[in-house]
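Reader: I have a new structure to read. Where do I begin?

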Amino acid sequence: MGVIRLGYVHVRVTDLEGSAEHYRNTLGMDQVAAHDGRLYLKSWDEHDHHSVVLEEGGVGLVKLGYKVAASADLDEFERRATSFGVRVERMSKGDNTGVGDGLRLTLPSAHVLELYSDVEYLGNATGIWNPDPWPREGLRGIGVPRLDHTLITTEDPVLLERFFSEVLGFRAAERLVGGPRNEELVGSWMFCGEQPHDIAFVKGEQGKLHHFAYHVDDWSSLLRAGDIFSMRDVPIDFGPARHGITRGETIYFFDPSGNRNEVFAGGYRTGADFRTITWTLDKAAQGINYTHRELDPDFLNVVT
């Protein structure tokens, strides 16, 4: 039993067609469906129906979806979430295009998170028999291969870390702490598999999205992404740079509605025996932007 990975991010956008152009042609995602003012997109190396949903009407996060190992696990997750005290409701097949039955949870941070196992299988662009390393017909824009993680904000990082640990079985790879004795949790980077993080959260406003990220192969791919952002006049927040926290390489940028995206490479391997790394608040700038050891305050303050 367990959570496998981040399955989808559902965000609001002010201009559906303008945003679709960004996700399709700058990032290189494929549109797989369109219903009721929503577009469904997937990256070339993802097998499930979609990983990003764009919904016209505002800005910010609608919900997150995490795929679990088996449908039978949903009963246990429901029991744990109910015991923890969060709002839990069942979702039915068809509530989300391409997704089967599942659970819809309202987190202590006021975000909506959905758990599911059954999802329509579309396959990736290279297949599973003697596949090429990337699609022969080429890639649009950056050609991001897959969704990687997300970062949200919460008024109570301690409570949210407890929820992800006790209910969903996540573990903290890294923590950011502050206070006179470094006893106050400011942020947590948590994993459910072997990535540096599958979700992260920092202290801030309830229910907000800081960013969601795509994996790219390596530093060279990241630099190429930066070139494409410049060619296409995409607003860059910061990077290319390296994180101290997670050791990942990064560029942060904005979609046309102001939702922050990231391309992320590198990092390390976690697992059941991984020991949590701790950063202190006086080293936060280095933890987030190790390369330059400085941080624009707006980086943490601007959320959607």
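Author: Start with the cavities. Keep in mind that this is a predicted model. Among the elements, β9 (146-154), β13 (208-215), β16 (260-266), α5 (284-288) and α6 (298-301) each give at least two residues to the lining of the largest cavity.

Reader: How is empty space found in general?

Author: Rolling a probe the size of a water molecule over the atoms shows where empty space is left. Here, a search of the whole structure finds two cavities of 30 Å³ or more.

Reader: What volume does the largest cavity have, and which residues are closest to its centre?

Author: Its volume is about 150 Å³. The lining has 17 residues, and Leu 151, Trp 189, His 211, His 243 and Tyr 252 are the closest to the centre. By class, the lining holds nine nonpolar residues, seven polar and one charged.

Reader: How much space lies in the second largest cavity?

Author: About 40 Å³. Among the residues that line it are Tyr 8, His 10, Arg 38, Tyr 40 and Asp 95. Strands β1 (3-13) and β3 (38-42) each supply at least two of the lining residues. Three lining residues are nonpolar, four are polar and two are charged.

Reader: Now the whole chain. How many helices and strands does it have?

Author: Six helices and 17 strands. The radius of gyration is 18 Å, close to the 19 Å that the globule rule gives for 304 residues, so the chain is as compact as a globular protein of that length. Along the principal axes, the C-alpha trace spans about 55 × 45 × 40 Å.

Reader: What share of the residues is buried?

Author: Of the 304 residues, 52% count as buried. The chain exposes about 13,400 Å², and carbon and sulfur atoms supply 46% of that area.

Reader: Let us turn to the backbone. Where is a cis peptide bond?

Author: It joins Gly 239 and Pro 240, with omega at about 5°. Pro 240 belongs to strand β14 (residues 236-242).

Reader: Is Thr 246 buried or exposed?

Author: Buried means under 20% relative accessible area. Thr 246 has 2%, so it is buried. Compare Asn 130, another non-glycine with a positive phi, about 45°. Asn 130 sits in the loop between β8 (112-116) and β9. Its relative accessible area is 76%, so Asn 130 is exposed.

Terms used
Residues numbered from 1 in each chain as written. Predicted model: local features only at pLDDT ≥ 70, side-chain atom pairs only at ≥ 80, totals over all residues. Heavy atoms only, no water. 1 Å grid on protein atoms, 1.4 Å probe; cavity = no way out; pocket = protein on both sides within 12 Å on 5 of 7 lines; lining within 4 Å. Points joined across faces, edges and corners; volume = space filled by probe spheres on them. Helix = DSSP H or I, 4+ residues; strand = E, 2+ residues; numbered from the N terminus. Nonpolar A, V, L, I, M, F, W, Y, C, P; charged D, E, K, R; others polar. Rg over C-alpha atoms; globule rule 2.2 N^0.38 Å. Buried < 20%, exposed > 50% of the residue type's maximum accessible area, 1.4 Å probe, protein only. Areas by Shrake-Rupley, 256 points an atom, 1.4 Å probe, with all protein chains shown as cover.
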